[in-house]
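Trainee: Please take a close look at one part for me: the aromatic side chains and their surroundings. Keep it brisk, and give me the cut-offs as you go.

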Amino acid sequence: MAVLFAALHNYAQPVTANKSSSASIDISGSGWRLWPDRDAAWQDDEIYLPADVNLGKMEVNKPTGGWQVLNDHQGINVTLPGTVEEHYWGKFGRRPYTKNEAQRGAGTAFGNGNYLGVSWWWRTIQVPQFKPGQRVLVWFRGARLRSEVYVNGKLCGYSIMSELPFQADITDAVKPGEKTQLAVRITNPGGHLDWIDFAQMRIKWNKYFLPPSHGFGGLDDDIQLTVRDNVSVSDLAAINKPDLHQVHLIAEVSSHGKPYNGPVKFSILHNGKITWTGARTVSLNAGETKTVELDADVNSAEPWQLNHPVLYQAKASLLNLAASDRQVNFGFRFMTAQGIGTDAKLMFNNKRIVPVSAISWGYWGRNGLWPDAEMAEREVVNAKKMGLTALQFHRNIGKPAVLDVQDRLGLLRCEEPGGGKFALGARYSRGPYGPDGGFLAKDEKLLDAFKPKSDYIQPDTVNTSGKGPDGDGQTFWEKYEEEKILEMVKRDRSHPSLIMYTVQNESSELDLRNPRIYRLFRWFG
């Protein structure tokens, strides 16, 4: 067995949703309604990667029967997090499993009751007061799979990135202080309900192939309604360094309508008290995004340890813009490997560590896809009671609700995106592989998407810089999985409990001269 992984951080560490510390309203939990729109068309839809989304040119998909059907009498009341399957498993009939849903396919002993297609999730929201030039955003921690966000019939947000954060800008669809309806159209094209994430588990939607992910459709909780200034800190990370008193802060500053020339103010807090401050100047044109970085040296810092997990908060904001800030939790810790090739050992905070771990496949009780607060706490507490020091999000992307508990209680975590091998491209694999993920005989016909390049010659060496066209993703599913991996790293890179990212488990058939591997590794850094 071979494992391909990006060993983290000497220098980097993950974080959950980093959020604005200015006023925001949690609109998840109760108050939502759910209705499976069984007559909605979806199978022939065009779907869009994040870089290709243009909301103004995309089709508005109304509910079957029009917007008026999303009322208090349609569907059922639900509480988030949730999935359609939590409430409707088998209620529209059961069918045999296909090979991309379960290893045994139709030979599985029980029927498949999951729901394929469109569901609507909606609730009434109270729009906060906002000034001209400010934006009203709805931030989602995760959804599966395609999400279309509507307010007053206007398409305000879109994502096909399974179980990853996204946001909808509802500014142009609402008025300050009004009550209105927020509706999310979720499309589940299928997915696997087994543990494996091999090539046979890929999802076919129209002309597209998607990498495998768990076959449920729904919404995570922690949905935030917030007001932001037109220039604001859009992302913040706290990256560990091999010094238990230092951390590297990275703020992404974005303009959505006006220039900014002034300081980005940074601070680090512990138990609500400021322990360090700093600043860097940034100059932005209207519509521009820049990254601002600096090191913080906190002499009084206490390390994050398994038996004493001390958490700090990093904040970044802009001068005289009260709704511009961002904050994220982190801990002073670092992990590295020493003696590679001689007497190799893992070191955590300058002391040897031998992690005792187990895997979690990410099938959560009640809804299948999302842990609520009680489930997240139970997993971590029980792992510690068993004497474990670590867990792994295995063949499925991690859940921030769990990482938050591990940060607080002191348990390490490894994370993989699920289907990570799809980012590396079948054209470089030893194989080639057919549609079921197995080896093909020479006379068998290949799917075009899985054909090696006709002129491809395996190189004697490889350029590990990750640069050049051979490092570029070419198929839709390569680009999708690459985006998923990078967004996973960006989302989680400040969590002190996270010690390793695994691109793909059991990837022994990969050609390690594949330039795609090094492109990803360079981006991780």
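Mentor: Buried means under 20% relative accessible area, exposed means over 50%, and partly exposed is in between (1.4 Å probe, protein chains only). This is a predicted model: local features need pLDDT of at least 70 and side-chain atom pairs count only at pLDDT 80 or more, while totals for chains, interfaces and linings use all residues. Residues are numbered from 1 along each chain as its sequence is written, and side-chain values use heavy atoms, with hydrogens and water left out.

Now the ring count. There are 19 aromatic pairs in the structure. Rings of Phe, Tyr and Trp (its six-membered ring) pair if their centres lie within 6.5 Å; planes under 30 degrees apart are stacked, over 60 edge-to-face, and the rest tilted. Take Trp 42 and Trp 205: the ring centres are 5.7 Å apart and the planes stand at 80°, so this pair is edge-to-face. Trp 42 sits in the loop between strand 3 (32-37) and strand 4 (76-78), and Trp 205 sits in strand 13, so the pair ties together parts 163 residues apart in sequence. Strands (E, at least two residues) and helices (H or I, at least four) are DSSP runs, numbered from the N terminus. Trp 42 and Trp 205 are buried.

Back to the opening pair. Trp 304 and Phe 348 have ring centres 6.3 Å apart and planes at 70°, so they too are edge-to-face. Trp 304 belongs to strand 22 and Phe 348 to strand 27 (residues 345-348), so to speak two distant parts of the chain, 44 residues apart. Elsewhere, ring pairs join Trp 67, Trp 120 and Tyr 150 into a cluster.

Beyond its neighbours within four places in sequence, Ile 160 is in contact with Ile 47, Tyr 48, Leu 49, Leu 145, Arg 146, Phe 476 and Tyr 480. Contact means heavy atoms within 4.5 Å.

Strand 7 runs antiparallel to strand 16 (residues 224-228), joined by 5 bridges. Strands pair if DSSP finds at least two bridges between them. Arg 135 stands opposite Arg 228 in strand 16. Strand 7 is also antiparallel to strand 11 (residues 166-169), through 4 bridges. There, Trp 139 has Gln 167 in strand 11 as its bridge partner.

The loop between strand 6 and strand 7 holds Val 127. Val 127 is buried because its relative accessibility is 2%. Not counting residues up to four places away in sequence, Val 127 touches Val 174, Lys 175, Pro 176, Gly 177, Glu 178 and Thr 180.

Some rings carry a charge over the face. The test is NZ of Lys or CZ of Arg within 6 Å of the ring centre and within 35 degrees of the ring normal. Lys 91 lies over Tyr 88, at 5.7 Å from the ring centre. Arg 413 lies over Phe 393, at 3.5 Å from the ring centre.

In helix 3 (residues 400-409), 7 of 10 residues are buried. Just after helix 3, Gly 410 takes a positive phi of about 90°.
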